[in-house]
Structures are given as C-alpha cells and as structure tokens.
Amino acid sequence: MITAEQKPIDEIREMINPYKRILAVGCGSCVAECAAGGQKETAMLASALRMAARMNHEDVTIDEKTLDRQCVRDFVIQLDDVIQNYDALLSLACGAGVQAVAEMFPEIPVIPALNTEFLGETRDQGLWIESCQGCGDCMLYFFGGICPISRCSKQLLNGPCGGSKNGVCEVDPEVPCAWQMIIDRLARFNALGRLEMIYPPKDWAKKQGKGPRKIIREDQQS
Amino acid sequence: MNKADIKPNGMAAEMSNGQNPILAIFYCQNIPGGDEGSRQELESHYGESIRLFPIPCGGRLEPLHLLKALETFADAAFVIACPEGACRYFEGNRRAKKRVERTQAIIESIGLEKERLGILLGSREKPKTLSRWVKELSEQTSRLGVSKGRRL
Amino acid sequence: MNETSKLKKVLEKGVFAVTAECGPPKGADPEAVTQKARLLKGHVDAVNVTDNQTAIVRMSSMAACSLLKSEGLDPVLQMVVRDRNRIALQSDVLGASAIGIRNILCLSGDHQVFGNQPQAMGVFDLDSIQFVQVVKNMRDGAKIIGGDSLTKAPELFIGAAANPFADPLSFRAVRLAKKIAAGADFIQTQCVYNLERFGKWLEMARDNGLTDRVAILGGVTPLKSVGMARYMKSKVSGMDIPDAVIKRMDGAPKDKQREEGIKICVETILQMKEMRGVKGVHIMAIEWEETVQEIAESAGLLPRPG
C-alpha cells in the first residue's frame, strides 16, 4: 500500500487561502488504511478547516466527499456532477491520486492535503513500515524475502556494512539491520550460499531509465 | 441519582441563550447515574447549556463526534468512559484516549484551546456519578467561555 | 607518472607495512594538508585521505591526495559510494590514476545522517564490493560497467575496509571473501581495541585461506583521553572498545592519558605483528598526525624501506 500523512493544518490553510468554495476529497484505498485520507480523516480535516475559517471570519464553504479510489478514472468521474460548485479541490489522496484528479479536471486547482510517504505494510495498529521501492526488478528471492534496497539504509546488495551491531542499523537503533534479517532468514532455509555471490550493480534503468514509467497491457485494453 | 449533586442556581436559565457556553457530553451508559432518568433530570436542570449523549461504550466514540460537536453547537465536548482496565470492550478507552489527544492537537493547531475537548476516565476507587461529572465540567466550561469556532 | 604504489611494493617485499590517515581540512587551505604531509613523511609507506568522513563536507579526497603527492607521499584515495553514482565514481577513478594516485580504498561511507548535510540524497548506486569489482575490471580488463573499453586502464592498488567488530561475526568472513573475490588487494580494518575479537575474525579469515589472498592491515587509533574512548565506544558506529581499555585510560592521570593512549596503541601493534595473517598496520591518529612517528618508532617500525 501507499502510505501518507496529513500535512500540518497551517500549510493546508495557506494553500487553500485564495479559494472560497472547497471540496475536500478523501480516498477510500491505501490512505484510508493508513488513517491519513479516508472518509473519517476527511471529515475531521474538513471540520477543523471550517472551524478555523469561522474563527478567522473567513466566508468559506468546505464540503466533503470520499471516493473509493482517486487514482482510477472510473471513480474520479464521480466528481463530475458536483465539481461545478467548487473553485478548488483539496485532495486527501496520495500523490498519484492528486495528479489523477488534476489530470481529469484541468480547469480546477487540486491541492494536496497529504505528504505521500512510501510503499509499505501495516505492521501493527498505528505502525506502517517501508518495504518496497518499486525498482521494477524484484530481487526478494535472493534475499529471503527482505528487500535490501528498501530496508538497508545504504541499499547494499552485498551487505551487511560495518555498522550492523546487535541486529540494528547504525543509522537508527530503532531500525533493524536488514542484512541481519536476510542472513537469519536464509540460514533458516539453508540458503546462505545465495549470499556468497557478488550481486552486480543494480539496473536502475528499470526504475528511471526512460523517465516516468508506464505499463501497457493490450489484453486489458478495451 | 444523587440530588445533592445538583445545586439550585440561577445560572442554568441564563445559559440557555446562544452567547453562553454549551457543553456536549458523550458518556458511557455503564457509569454510575448513567441511566435515562438521570439524563432527563440533568437536562431539565441545566437547560440548553448541556447536551447529553448516552453511548454504549465511551471507548468506541470517534473523535470526529467531538470535533463535529465543537463545530456545530458546542463550546466544549467531552467523552466520559469507564475506568482504565474496566472497559467492557477491552482496551477501548485506552485507545480512545490517544485518539482524543490527537484531536486536541488538531483544535490547538487551528487556535482553539485544547481544554475544550477531552476524554475523562472514571475511577474505580472513587466512582463519580454522571451528575457530578456534569457539574464539574460545566464549571470548567464556563471558565473557557464561548468558543470562536462554534457556529452561532 | 609511471611510478607504482609504494604500499604495494612494501607488501610485495614482505615488509610489515605502515599506513596512516590524513583528514582533509574543512576549508580550501592547501597548507593544512601539506603540514600533515610533512609530519608523516618518512614514517609511513602510504597515507589514506578520507572522503568526507562522517559525512562532513571537507576538501575533496582527490585534491588532498594530489597535495600529498606533491609532498612526495604515496596517497591512498578513499572513495565512498554515498556521494557519487557509477558515472562519477568511474570518472574519478580515471582521473585519480591520471594524476598519479596509485592506491584506492573503496568504501560505502558513513550514512549522510551522521554529518552536517543530513538532508543530502544518499546515492549508494553501487555498494563498496561492487565498486571494488568495477575498479578491478577497469584496471585489469580496461573496461567500465557495461563493457565499454578504456583507451588506457587506470593503475591502482585496490583496497577495501573490513570491520571485524560488526555483526554477524560468522558472516564477516564471507563478506571479506567477497571483497577479495571482487578484487581487493589489501584490507584496512576498523580500529582494533578488542584484540580477542580481532583474533577470532582473523582466524576465520585464515581458516578460509583469505589471509593468503589479501594483505590485511590492522587499524589502530591512539586514544587521547578517557573521554575520547567513552565517546568512541558509545557514539561511533562499528567501534568496539572493551571496558578494560576504558578502565586503563581512566586509571592514568589526566596529563598522562595521551601517553597511555599511545602505549596502548603501540602494544596493540606489537601484538598484531605477531598474528599470522596481519601484513601491516593502519594508524589513524585523528587530528594527531604528529604522534604517528612516535608510535611507529616505539613499535619498531622505523625506518621505513626506501
């Protein structure tokens, strides 16, 4: 999932300042799971913004609507009926959602309410962990299902570095050393031999070789 | 309900106009004096200066309801839950406390006093009746005055 | 410009090698480097120049190496993969060889969060082992990544680092073997204070036949005070300072702590000289270059071969 966190209210207020009729648009997918931009969070933010506007004697309307997904046009189109009532959208989606909405409605400003963080998992209630960089060439097999590109602070493919101590990373004692985890896990499968080869430099062209990436699947096209 | 908790005073009537603080209280039905009869008695005593909302579990209350109360009619909004560890829904009130703290941070960030919103956990040793809570909270609220964020 | 690495020559002769470290200044003053050069000249075989160590911006390692060279020293260019991608790294390798630098130490580098530019993008396009392999292919195969040929191959004696004190110990020999397989000619270790653990690590390396395939130079850093010892123990990552060493420093009177630090350092070198598989010592006297001569002298490492 894509994780995000809400921007500070002051920053949001500054961005929406020029506009009088604003629709706060939540997203019911990833950012709902990470409690940043779902229906509940959208209602909270809109309520706080309305109060803030009233306290500052600003004549502003802030309505709310949450889409199932903001990054899929079939859902974004649901804004079609209401969009004429507003002069700005405040999107509580990830960066992809914000841009998908903006792309679809070029005539109206779309303002981001969240900071998009990373691709990760919900490890526990209230705890999300970065685990994937979307590198375009998954190497998890070699490393026992633990990604050194995402979870080693130095992205080592031939780790661990000299800063691994007692299972934690030198960068932050709260961060487990990915390489210690890789070694432990491969040892469990009797597959430590996989780490004896030198993994060659990563092919970053698969991530950024031709600029922004796209996936084309003819079998999925109409 | 304990009659002694309600002291007759003239304040209640004065508070009924829109310029006086209004208190919203969401309370767990399981607290002492949380029955329907007590609620009606308290409401008739305090008039429009308080609104009482019985809920099945204080720990289950979404902070959004507190925020909405502040936005639409209240000058202060509180949830009263069972003592820590006594929640029927297991840990409900501990998590609720964290969520309310976050909501306090939100109202603070827009310039409202964070004291206008809160969660109160009962004590097992010295349980307080609903009417006692209401009395204390309404005194607290009158000190805060009318909220600038409330819709008048 | 065709001179070879002095460090390489010394090691090939089977002489116990001595290298030192020179940290470039936080400024553009060449004198700061040449002064250090004069303190070290004649007492060591080669001098490492750190590359923005602890991620603090300093004069470039390449430039400081060039200054050392003009003072007649044999510099070891330290290069970290933290700040440069593969294009910049390979380009700098060619440049280094062109200006007569003959030794390189390939490192990952301290993470940027530790320094004075914590907002920098950490590059880490290659890791240190891949970098060793890249330099080796450039030198021996005259080829860069992707296979393009060089008009002239760089001439470099290739080094890598090892930390015998990092975890997991059992995997440290595997990683050392990978560095050797990648092409490391010499290894400089993290500062040794815990000789027992160093011995264990060395034994693993010996058992795997690694000490015959690479020249291991044990790292040492003289302690200036008990405060420094405590600081390094708790704050410097990858450092292992046993309590006994701290106690010994603490036991020395304040005005004698420097002497005690030097004594510990010399004793460590003497012990390392006796350990099978240690081919030299790397003295990292941090902002204390003037002490290197004394340490080398006391450890019976002087005079250096010409």
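User: What is the mean pLDDT of chain C?

Analyst: This is a predicted model, and pLDDT is the predictor's confidence in each residue, from 0 to 100. In chain C, 99% of the residues reach 70 or more. The mean pLDDT of chain C is 96.

User: Which elements do the buried residues of helix 7 of chain A pack against?

Analyst: Helix 7 of chain A covers residues 178–188, and its buried residues are Ala178(A), Trp179(A), Gln180(A), Ile182(A), Ile183(A) and Leu186(A). In general, an α-helix has 3.6 residues a turn, so residues three or four places apart point the same way. The buried residues of helix 7 pack against elements of chain A and of chain C. These are helix 6 (148–151) and strand 9 (172–176) of chain A, and helix 6 (169–182) of chain C.

User: Where is Ala35(A), and what is its relative accessible area?

Analyst: Ala35(A) also has a positive phi of about 55° although it is not a glycine. Its place is the loop between helix 2 and helix 3 of chain A. Ala35(A) counts as partly exposed, because its relative accessible area is 40%.

User: Which pocket has Ala35(A) among the residues nearest its centre, and which element gives the most to the lining of that pocket?

Analyst: Ala35(A) is listed with Cys34(A), Gly126(A), Trp128(A) and Arg102(B) as nearest the centre of the second largest pocket, which 31 residues line. About 1,200 Å³ of space lies in this pocket. By class, its lining has 13 nonpolar, six polar and twelve charged residues. With seven residues, the element that gives the most to the lining of the second largest pocket is helix 4 of chain B.

User: Is Ser47(A) buried or exposed, and which residues does it touch?

Analyst: Ser47(A) lies in helix 3 of chain A. It is buried, because its relative accessible area is 0%. Leaving out residues up to four places away in sequence, Ser47(A) touches Leu67(B), Lys68(B) and Glu71(B).

User: How many disulfides are there over all chains?

Analyst: A disulfide needs two cysteine sulfur atoms within 2.5 Å. The count over all chains comes to zero. For Cys161(A), the nearest cysteine sulfur is that of Cys152(A), 6.3 Å away. For Cys22(C), the nearest is that of Cys65(C), 8.4 Å away, so Cys22(C) is in no disulfide.

User: Which residues are closest to the centre of the largest cavity?

Analyst: A search of the whole structure finds six cavities of 30 Å³ or more. The largest cavity holds about 120 Å³ of space. Strand 9 and helix 7 of chain A each supply at least two residues of its lining. Of the 16 lining residues, the closest to the centre are Cys152(A), Ser153(A), Cys161(A), Cys169(A) and Cys177(A).

User: Which element gives the largest share of the lining of the second largest cavity?

Analyst: About 60 Å³ of space lies in the second largest cavity. Its lining includes Arg172(C), Arg175(C), Leu176(C) and Lys179(C). By class, the lining has four nonpolar, one polar and three charged residues. The largest share, four residues, comes from helix 6 of chain C.

User: What is the omega of the peptide bond that joins Gly159(A) and Pro160(A), and what is it for Leu302(C) and Pro303(C)?

Analyst: Most peptide bonds are trans. Pro160(A) lies in the loop between helix 6 and strand 8 (168–169) of chain A, and Pro303(C) is in the segment after helix 11 (292–298) of chain C. A cis bond joins Gly159(A) and Pro160(A), with an omega of about -5°. A cis bond also joins Leu302(C) and Pro303(C), with an omega of about 0°.

Key: Residues numbered from 1 in each chain as written. Chains lettered and ligands numbered in written order. Predicted model: local features only at pLDDT ≥ 70, side-chain atom pairs only at ≥ 80, totals over all residues. Heavy atoms only, no water. Buried < 20%, exposed > 50% of the residue type's maximum accessible area, 1.4 Å probe, protein only. Contact = heavy atoms within 4.5 Å. 1 Å grid on protein atoms, 1.4 Å probe; cavity = no way out; pocket = protein on both sides within 12 Å on 5 of 7 lines; lining within 4 Å. Points joined across faces, edges and corners; volume = space filled by probe spheres on them. Nonpolar A, V, L, I, M, F, W, Y, C, P; charged D, E, K, R; others polar.
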